[in-house]
Structure formats: C-alpha cells, structure tokens
Amino acid sequence: MSTAATMPPAPRSATGALAAWGIAILVIATVLLGELLPARHPAPARSVADDPACLEWTDGCRVCQRLAEVPACSLPGIACQPGTPHCLRHRDG
C-alpha cells in the first residue's frame, strides 16, 4: 500500500467555471487586439484617368484624352460593354 497522500479530483463545477473564464479572456483579448492593432490595407490601385503620365486611355467603348483643363471623352456606342480601362498613349512616348 502506498502512504503518499493523493489529491482528490477537483469538483466538476470548478473545472467548468475555470474553462469558461479562460475562453472569455481569450475572446476578449482577441477582440481587443483586432481593434487596437493597425490594419494592413493594400494601396488602392490608381485609375488610368488619375495617372498624369497617361495622355489618352480607353475602356473599349470611349476614348479619353487629357487636355489642359479637364479630360475630354468620346460618347460610347449604344450597346457597348465597357472593359478595363488602359492607357493608349503615355507622356514619355
């Protein structure tokens, strides 16, 4: 026979309460970290119309040119489906 004293198991209610508090603390810490840490957002893509080096661009339906005051664009066709705008002529050539 062993003479070493054995610890009685912890009551189930104490173990459940400890687990609940641990989960609650973990959730609160995660939410606080998500709110307080700075977010990493990629730089927004610059539009072709906002690029000062692009002198002429199109979306497949209309063609626009950069004039001294404001850009000037042609009128699109009736059934034209515009695509992704792309530059046709750059300032450097």
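**Glu56 and its strand**

Modeller: Glu56 sits in strand E1; helices (H or I, at least four residues) and strands (E, at least two) are DSSP runs, numbered from the N terminus. This is a predicted model: local features need pLDDT of at least 70, side-chain atom pairs count only at pLDDT 80 or more, and totals for chains, interfaces and linings use all residues. Residues are numbered from 1 along each chain as its sequence is written, and side-chain values use heavy atoms, with hydrogens and water left out.

Biologist: Is Glu56 buried or exposed?

Modeller: Glu56 has 17% relative accessibility, so it counts as buried (buried means under 20% relative accessible area, exposed over 50%, partly exposed in between; 1.4 Å probe, protein chains only).

Biologist: Which strands pair with E1?

Modeller: E1 runs antiparallel to strand E4 (residues 86–90), joined by 4 bridges, and is also antiparallel to strand E2 (residues 63–66), over 3 bridges. Two strands pair if DSSP finds at least two bridges between them.

Biologist: What stands opposite Glu56 in E4?

Modeller: Arg89 does. Their side chains also meet in a salt bridge, 3.3 Å from N to O (a side-chain nitrogen of Lys or Arg within 4 Å of a carboxyl oxygen of Asp or Glu). Arg89 is partly exposed, at 37%.
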